[in-house]
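Hi,

Here is the structure I promised to pass on to you. Have a look at it first, and then read on for what turned up when I went through it.

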Amino acid sequence: MDTCIFCNIVSGAIPAKRLYEDDELVAFHDVSPQAPVHFLVIPKRHIQNIMELAPGDVALVGRLLHKAQELAVELGCAEKGARFVINCKSDGGQTVDHLHIHVLGGRPLAWPPG
Ligand code: 5GP
Ligand code: ZN
């Protein structure tokens with residue numbers, strides 16, 4: 001998708017501070033961090049949001065979550081934890097229509113969201 005910001009990050013057309021990359025996933029720091037640790041993990045393939053997942057995507061989503069956990073540990077969140085968030089469509093506050101998981105850590109976060 002030429003117009004998708006995250007597809008452009010995958011291709012390298014838009015720069016990002018990458019934390020990790022393999023054939024299926026990319027992780028990079030959020031451009032507007034909301035906590036001392038704030039990064040995103042995305043599938044390289046363009047999937048609009050979590051509502052678009054198909055049964056064949058189960059392994060990919062498992063890898064996405066596990067990579068989010070591994071990187072959270074690497075960035076020092078193992079002891080105090082972190083928030084793992086997937087926003088979906090307008091009510092969920094999604095602003096970039098390419099599936100991504102946010103990982104936020106390094107400070108206590110309020111709950112519930114507003
Ligand atoms: P959403 O609101 O869709 O769940 O989150 C999208 C996130 O992507 C936001 O936290 C926003 O700061 C981040 N973001 C948007 N554009 C860019 C960009 O060009 N580069 C990076 N690294 N993050 C971006
Ligand atoms: Zn995309």
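This is a predicted model: local features need pLDDT of at least 70, side-chain atom pairs count only at pLDDT 80 or more; totals for chains, interfaces and linings use all residues.

Gln94 sits in the loop that runs between strand E4 (82-85) and strand E5 (101-105). What does its side chain reach? One polar atom of the Gln94 side chain lies 3.0 Å from the backbone oxygen of Gln48, and the side chain also reaches the backbone oxygen of Val96 at 2.9 Å. Leaving aside residues up to four places away in sequence, Gln94 touches Gln48, Asn49, Asn87, Cys88, Lys89 and His100.

Some of these names come back around the ligand. Which residues come nearest to ligand 1? Out of 16 residues around ligand 1, they are Asp30, Asn87, Thr95, His100 and His102. The side chain of Asn87 has an N or O atom 2.8 Å from an oxygen atom of ligand 1. The backbone takes part as well: an N or O atom of the Gly93 backbone is 3.0 Å from a ligand 1 oxygen, and for a backbone N or O atom of Val96 the distance to an oxygen of ligand 1 is 2.9 Å. On its own, ligand 1 has 520 Å² of accessible area, and the protein covers 82% of that.

Two backbone details may interest you. Most residues other than glycine have a negative phi, and most peptide bonds are trans. Lys89, one of the residues that Gln94 touches, has a positive phi of about 55° although it is not a glycine. Lys89 is also in the loop between E4 and E5, and at 45% relative accessibility it counts as partly exposed. The other detail is the peptide bond from Trp111 to Pro112, which is cis, with omega near 5°. Pro112 belongs to the segment after E5.

Now to the charged side chains. Side chains of opposite charge can pair when their charged atoms come close. How many salt bridges does a search of the whole structure find? The count is six. Arg18, Glu21 and Lys44 are linked in a network of them. Within it, Arg18 pairs with Glu21 at 2.9 Å, N to O, and Glu21 pairs with Lys44, also at 2.9 Å, N to O. Because Glu21 lies in strand E1 (residues 18-21) and Lys44 in the loop between strand E3 (37-43) and helix H2 (58-74), this pair ties together parts that are 23 residues apart in sequence. Arg18 is partly exposed at 33% relative accessible area, Glu21 is partly exposed at 38%, and Lys44 is partly exposed at 24%.

Another salt bridge joins Arg63 to Glu24, with the closest N and O atoms 2.7 Å apart. This pair links distant parts of the chain, Arg63 in helix H2 and Glu24 in the loop between E1 and strand E2 (25-29), 39 residues apart. Arg63 is partly exposed at 31% relative accessibility, and Glu24 is partly exposed at 30%.

Last, the cysteines. The structure holds zero disulfides. Cys4 is buried, at 7% relative accessible area, and Cys7 is buried too, at 13%.

Best wishes

How values were computed: Residues are numbered from 1 along each chain as its sequence is written. Chains are lettered from A and ligands numbered from 1 in the order in which they are written. Side-chain values use heavy atoms; hydrogens and water are left out. A disulfide is a pair of cysteine sulfur atoms within 2.5 Å. Buried means under 20% relative accessible area, exposed over 50%, partly exposed in between (1.4 Å probe, protein chains only). Helices (H or I, at least four residues) and strands (E, at least two) are DSSP runs, numbered from the N terminus. A polar contact is a pair of N or O atoms within 3.5 Å; within protein, one must be able to donate a hydrogen and the other to accept it, and residues adjacent in sequence count only if both atoms are side-chain atoms. Contact means heavy atoms within 4.5 Å. A residue is near a molecule or strand if one of its heavy atoms lies within 4 Å of it. Accessible areas come from the Shrake-Rupley method with a 1.4 Å probe; for residues, only the protein chains shown count as cover. A salt bridge is a side-chain nitrogen of Lys or Arg within 4 Å of a carboxyl oxygen of Asp or Glu.
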